[in-house]
Amino acid sequence: MTDEFNPTPTPQQPPPPPPVQPFASASPYPPTPYPPSPYAAMYAPRPRRSAGFWLAIIGGSLACFGLFIWAIVWSTAHAFSADTASTSGFGATEHIAVVDLDGVIMDADKIDTQLRKFGDDSSVKAIILHINSPGGGAAASQEVYHEVVRIRQEKHKKIIASVESVGASGAYYIASGCDKIYANDASVVGSIGVIMEWTNYGDLMRWAKLKSVVIHAGELKDAGDPTHDMTPKEAAYFQSLVDNMYAQFVHDVADGRHSTDDKIRPLATGQVWTGQQSLPLGLIDKVGGFRVALMDTAKEVGISGEPSIVRPASAKKGLAGLLNGESDDLFPNPSKLLDHAPGFYFMWK
């Protein structure tokens, strides 16, 4: 190509090369996006918390800790507060105490402590034992019986037994030490007798090819071992113990009911009677429920109108009971796990 004003031909410039795409793929397909790395979020910088956030966390933690300490202090103070709580007749100066005797009797300490407290309280004019129990351990039942008799004699305070559904065996033993016994028509009363029992698992051990090894001194030291059958001498030995306890039971009931052993012994067959049946037998004094026993007792001790009732404070459970050593719910006594010895019971089954 020539210019009319410049006859010298100008060389033609080649077109510029196309821009090079970095990491361009020769594939005709569009590139596939890579998934995000799982480590990206791990190492990603976290947003900084504000000062207000940390103040709220610290303040909330301190508040929870303070609330926990307050709950412990309140529970402890409440546990050590007055042991009795009035249920009626607020402001009254004369009361009738009610002590509940429920379930199987295996420990006398709790009932004895409650009886002693009310026995020493001059504002308590009488005590009602509200009984609903089939009895229990022979020694425990006997101990409560003697505590009832002691308070009646030394404190000159009336103690009345009111049987709800069951007042049998050891529970009746205790009731017989009271001034009077009330029972409903359909209450179960009596069962004067002694029973001794344990489970013999010797056959099970032999089946499992286990052998009990016992070293003892004294011919009857291992009498009642549940791994071997009872010998005739052991049976005679245990029967003598049961007979002796039976005689004590009969005598104490006769003494408490102002009767004689000869009159009580025919009734001491271990059987029970209804409240309606037991009245003509002399086992109770009056057919009637708790309300009847309460109002009759109030009149006898000179309380007119609606009597004021006091009861022992309810048993402490959970944290408060644990702090005061009164609760076995969280940590049972390990010694109970070792209690496999044969037992003697004043109990109706």
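**Surface and overall make-up.** I looked up the accessible surface of the protein, which comes to about 22,700 Å², with 60% of this belonging to carbon and sulfur atoms; areas come from the Shrake-Rupley method with a 1.4 Å probe, and for residues only the protein chains shown count as cover. I note that this is a predicted model, in which local features need pLDDT of at least 70 and side-chain atom pairs count only at pLDDT 80 or more, while totals for chains, interfaces and linings use all residues. Residues are numbered from 1 along each chain as its sequence is written, and side-chain values use heavy atoms, with hydrogens and water left out.

I found eleven helices and twelve strands in the protein; these are DSSP runs numbered from the N terminus (helices H or I, at least four residues; strands E, at least two). Of the 349 residues, 33% count as buried (under 20% relative accessible area; exposed is over 50%, partly exposed in between; 1.4 Å probe, protein chains only).

**Core.** I then turned to the largest nonpolar core, which has 49 residues; such a core is a set of buried Ala, Val, Leu, Ile, Met, Phe, Trp, Tyr and Cys residues joined through side-chain atoms within 4.5 Å. Leu115, Ile127, Leu129, Val148 and Ile192 have the most contacts inside this core. Helix 4 gives the largest share, seven residues. Apart from this core lies another, of ten residues, including Ile96 and Ala298.

I listed the contacts of Leu129 (heavy atoms within 4.5 Å). Beyond its neighbours within four places in sequence, Leu129 touches Val99, Leu115, Val148, Ile159, Ile160, Ala161, Ser162, Ile174 and Cys178.

**Helix 4.** I recorded 18 residues for helix 4 (138–155) and a reach of 26 Å from first C-alpha to last, close to the 26 Å expected at 1.5 Å a residue; the expected span is 1.5 Å times one less than the number of residues. Among its buried residues are Ala138, Tyr145, Val148 and Ile151.

I examined Phe68, which lies in helix 2 (residues 51–79). Phe68 counts as partly exposed because its relative accessibility is 48%.

I also examined Gln276, placed in helix 9 (residues 275–281). Gln276 counts as exposed because its relative accessibility is 55%. Leaving aside neighbours within four places in sequence, Gln276 is in contact with Asn184 and Asp185. Gln276 and Val189 are 87 residues apart in sequence, and their C-alpha atoms are 9.6 Å apart in space.
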